Amino acid sequence: AVSILTSVFVGSLIGIISVIILARLAGADDVLIHSLEPKSVTTPIAMSISKQYGGDVSLTAVIVLFCGIFGSIVGPPILRLLHIRSCIARGLAMGASAHGVGTSKAMEMGVIEGALSGLAIGLMGVMTALLIPLVNQVIAFLN
């Protein structure tokens, strides 16, 4: 349980921070950044987070759907390329990165992968909802 929670926490934190850094480097404004921050969670949670911080909810929905589809397409080949054979790791990776669409792909991989992918969706939602406000406060403090 500790390793699962730790991996989801780190994955969520890196996902949030990396999208903020890349968006800032590309010259994105705050609305776009707040629309991109919750890209790694399921659509209803992402839209709620985006709205709360001034993001464009419609844009967030499209980005989340794109991430899910993209993750479900490239996820399995990347997992094979990296020789990740653990059912638990494969399921967590697909659910955390590609949410619902990734979970449907994980179910094709196996029962354990599908179950852990579903767990990852819920955990990513909670972690991201808790971490985005903290990350935004730290960034505001540093500016």
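This is a predicted model: local features need pLDDT of at least 70, side-chain atom pairs count only at pLDDT 80 or more; totals for chains, interfaces and linings use all residues.
Residues are numbered from 1 along each chain as its sequence is written, and side-chain values use heavy atoms, with hydrogens and water left out.

**Overall fold**

- Count up the secondary structure and you get 6 helices and 0 strands, where helices (H or I, at least four residues) and strands (E, at least two) are DSSP runs numbered from the N terminus.
- Reading from the N terminus, the order is simply α-α-α-α-α-α.
- The radius of gyration is 15 Å, which agrees with the value near 15 Å for a compact globule of 143 residues; this radius is taken over C-alpha atoms, and the globule rule is 2.2 Å times the number of residues to the power 0.38.
- Along the principal axes, the C-alpha trace spans about 45 × 30 × 25 Å.
- Take the contacts between residues at least 6 apart in sequence, and 58% of them join residues at least 24 apart (a contact means heavy atoms within 4.5 Å).

**Surface and burial**

- Of the 143 residues, 43% are buried.
- The accessible surface comes to about 7,700 Å², and carbon and sulfur atoms hold 74% of that; the areas come from the Shrake-Rupley method with a 1.4 Å probe, and for residues only the protein chains shown count as cover.

**Charges and salt bridges**

- There are 7 positive and 6 negative side chains, with the centres of the two sets 11 Å apart. Lys and Arg count as positive and Asp and Glu as negative, leaving out His and the chain ends, and each charge is placed at NZ of Lys, CZ of Arg, CG of Asp or CD of Glu.
- The salt bridge count is 3, going by a side-chain nitrogen of Lys or Arg within 4 Å of a carboxyl oxygen of Asp or Glu.
- Glu108 and Lys105 meet at 3.3 Å, N to O, and both lie in helix H5, 3 residues or about one turn apart. Glu108 is exposed at 60%, whereas Lys105 is partly exposed at 29%.
- Arg24 and Asp30 form a salt bridge with an N to O distance of 3.7 Å. Arg24 is partly exposed at 41%, and Asp30 is partly exposed at 46%.

**Two histidines to look at**

- His83 has a positive phi of about 60° despite not being a glycine. You'll find His83 in the loop between helix H4 (57-81) and H5, where the residue is exposed at 55%.
- His99 has a positive phi as well, about 35°, and again is not a glycine. His99 is in helix H5 and counts as buried, with 5% relative accessibility.

Notes
Buried means under 20% relative accessible area, exposed over 50%, partly exposed in between (1.4 Å probe, protein chains only).
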